[in-house]
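Reader: I want to know what lies behind each label in this structure. Please give me values and cut-offs, and keep it short.

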Amino acid sequence: MATETAVFAAVVAFLISAVVSQTPPMAYTNHTVGGPAGWFFNATKNISATNYSSWAASQTFNLGDFLIFRTNTNQTVIQTSNLTTFKSCSIDDASDNDTFQYNGGDSDFNKPLIIPVALIISGSNYFFSDADDGVQCQRGMAFEIQVNTGLGLPPSLNQPPPPPYATPPDSDSAQTPPLMIPETKDNRGFKTAANLRRYFFFTAVVPPLLLLLL
């Protein structure tokens, strides 16, 4: 009897943990990459500041979450969904459709940066630093995450792409062309809208006025 009770309790505990693990998140999360170590490369020891793969394995990522890269301009932040690009530690042959570089807009060294990266693509996402010709990536500055659906994208991140750019027409072609009417023996020479108004005035308004004056 005691054995059956222990087995039953173990099954219940397992079911409860399974339900809890599948419970959807209640809010979006900001994940500071690397935790206290941040996103840095130790050039003296030629190794990353921490094990980023281990850090990523300890987190749960969902659509709408943010990765916060606390770093400086000595490192880069590359996001890709292309496994080949990730393994190569280079963006030389990467496609604009699946790879993006966040560089903070500054090329000076040792300047502090905080780079937020929104998670907007579910499934496998890869991150690495291609600085020092890919050496940083090869020496540990790379990690993979699995992004779950979670709450889905919030409205602020779920916007349709802007329409493609269209070249505006020339100023000359944008002007409204003059109104043209078929030429007849009675309106010969009255082909623009302005002349047409004059034509109607002299043919429809003036004759009745002359009759009143007679």
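Author: Helices and strands here are DSSP runs, numbered from the N terminus; a helix needs at least four residues and a strand at least two. The model is predicted. With that rule, D130 falls in the loop between β9 and α4.

Reader: What makes D130 count as buried or exposed?

Author: Its relative accessible area is 18%. Buried means under 20%. D130 is therefore buried. In space, its C-alpha lies 7.6 Å from that of I91, although D130 and I91 are 39 residues apart in sequence.

Reader: And D133, buried or exposed?

Author: D133 has a relative accessible area of 78%. The exposed class starts over 50%, so D133 is exposed. The loop between β9 and α4 (135–138) holds D133.

Reader: Which residues gather in the patch of negative charge on the surface?

Author: D92, D93, D132 and D133.

Reader: What about T85, buried or exposed?

Author: T85 sits in helix α3. Its relative accessible area is 6%. That value is under 20%, so T85 is buried.

Reader: In what order do the five strands of the open sheet run?

Author: The order is β4-β10-β9-β6-β7, with mixed pairing. The edges are β4 (61–62) and β7 (99–102), each of which pairs on one side only.

Reader: Why do β4 and β10 count as paired, with how many bridges?

Author: Two bridges join them, and the strands run parallel. Pairing needs at least two bridges, so β4 and β10 qualify. F61 stands opposite V147 in β10.

Reader: In what sense do β9 and β10 pair?

Author: Antiparallel, over six bridges. The threshold is at least two, so this is a pair. Strand β9 spans residues 123–128 and β10 spans residues 142–148. Among the residues facing each other, N125 stands opposite I145 in β10. Another such position is F128, opposite A142 in β10.

Reader: What makes β5 mostly covered?

Author: Five of the seven residues in β5 are buried. Strand β5 takes in residues 66–72.

Reader: Which sense does the pairing of β1 and β5 have, parallel or antiparallel?

Author: Parallel, over three bridges. Strand β1 covers residues 30–32. The bridge partner of N30 in β5 is F66.

Reader: How many bridges join β5 to β8?

Author: Seven, and these strands run antiparallel. Strand β8 holds residues 112–118. F69 stands opposite I115 in β8.

Reader: Why is Y28 called partly exposed?

Author: Y28 has 36% relative accessibility. Buried needs under 20% and exposed needs over 50%. The value for Y28 falls in between, so Y28 is partly exposed. Y28 is in the loop between α1 (2–21) and β1. Its C-alpha is separated by 6.2 Å from that of G64, 36 residues away along the chain.

How values were computed:
Residues numbered from 1 in each chain as written. Predicted model: local features only at pLDDT ≥ 70, side-chain atom pairs only at ≥ 80, totals over all residues. Heavy atoms only, no water. Patch = residues over 30% accessible without salt bridge, like charges linked within 9 Å, V, L, I, M, F, W, Y side chains within 5 Å. Areas by Shrake-Rupley, 256 points an atom, 1.4 Å probe, with all protein chains shown as cover. Salt bridge = Lys/Arg side-chain N within 4 Å of Asp/Glu carboxyl O. Lys, Arg positive; Asp, Glu negative; His and termini not counted. Charge placed at Lys NZ, Arg CZ, Asp CG, Glu CD. Buried < 20%, exposed > 50% of the residue type's maximum accessible area, 1.4 Å probe, protein only.
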